[in-house]
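Me: I would like to go through this structure with you. Could we begin with its charged side chains?

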Amino acid sequence: MAVLPILITGDPVLHGRASEVTEFDQRLDTLVADMFETMAAAPGVGLAAPQVGQPLRLFVYNWTDDDGVLWRGVAINPELWISPPPTGDADVDEESEGCLSIPGERFPLRRADLAILRGVGLDRTPFEIRAEGWLARIFQHEYDHLDGILYADRLAAPHAKASLRAIRKNGWGEPGGSWMPGVDDLDA
């Protein structure tokens with residue numbers, strides 16, 4: 001297993017729709033193992049293939065809920081259904097999220113409270129997970145990456161403006177930017 005560089009906003013792979021996974025082979029197994037290693041080193045609770053430069057429809061996740069239940073897996077060629085997001089302003093304390101492709105920044109974002117994720121694992125076995133709360137948020141965040149959407153793209157004012165300022169201030173928003181978990185200190 002290897003830790004992979006994580007692309008920073010501005011790279012075209014992050015801003016386009018990823019392709020379906022069609023080859024279930026050793027390369028895919030290695031990519032998924034490397035993504036788990038990279039996510040742990042970052043550290044993060046989710047990581048999508050486009051974030052490591054692979055325009056494929058898959059993501060990994062690893063999160064422990066308040067009841068101590070570990071949610072860990074890979075979603076390949078996923079589908080996601082969500083409840084309507086609540087209306088109103090996002091709560092800065094309860095609804096702020098970050099992204100490994102916009103490292104060190106956090107902004108509040110309203111997300112649906114309920115999500116249903118369907119996909120297949122590495123063994124091609126289909127699964128379905130009904131998620132609420134933070135797990136639903138993680139699935140929505142990672143699924144967005146597969147459609148070329150970063151959470152900053154969904155921010156409402158004034159947070160959208162603050163996000164753009166942070167991206168400019170850090171010199172991001174151009175192709176080719178990346179950082180290496182465990183090497184670069186970007187407060188991800």
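Reply: The protein carries 16 positive and 30 negative side chains, and the centres of the two sets lie 5 Å apart. Lys and Arg count as positive and Asp and Glu as negative, with His and the chain ends not counted; each charge is placed at NZ of Lys, CZ of Arg, CG of Asp or CD of Glu.

Me: What kind of model is this?

Reply: It is a predicted model, in which local features need pLDDT of at least 70, side-chain atom pairs count only at pLDDT 80 or more, and totals for chains, interfaces and linings use all residues. Residues are numbered from 1 along each chain as its sequence is written, and side-chain values use heavy atoms, with hydrogens and water left out.

Me: Where does R111 lie?

Reply: R111 is in the loop between β6 (102-108) and β7 (114-120); strands are DSSP runs of E, at least two residues, numbered from the N terminus.

Me: Is R111 buried or exposed?

Reply: R111 is buried, at a relative accessible area of 5%. Buried means under 20%, exposed over 50% and partly exposed in between, with a 1.4 Å probe and protein chains only.

Me: Which side chains does R111 join through polar contacts?

Reply: The side chain of R111 has a polar contact of 3.0 Å with that of E97, and another of 3.0 Å with that of D144. A polar contact is a pair of N or O atoms within 3.5 Å; within protein, one must be able to donate a hydrogen and the other to accept it, and residues adjacent in sequence count only if both atoms are side-chain atoms.

Me: And how much of the protein is buried?

Reply: Of its 188 residues, 45% count as buried.

Terms used. Helices (H or I, at least four residues) and strands (E, at least two) are DSSP runs, numbered from the N terminus.
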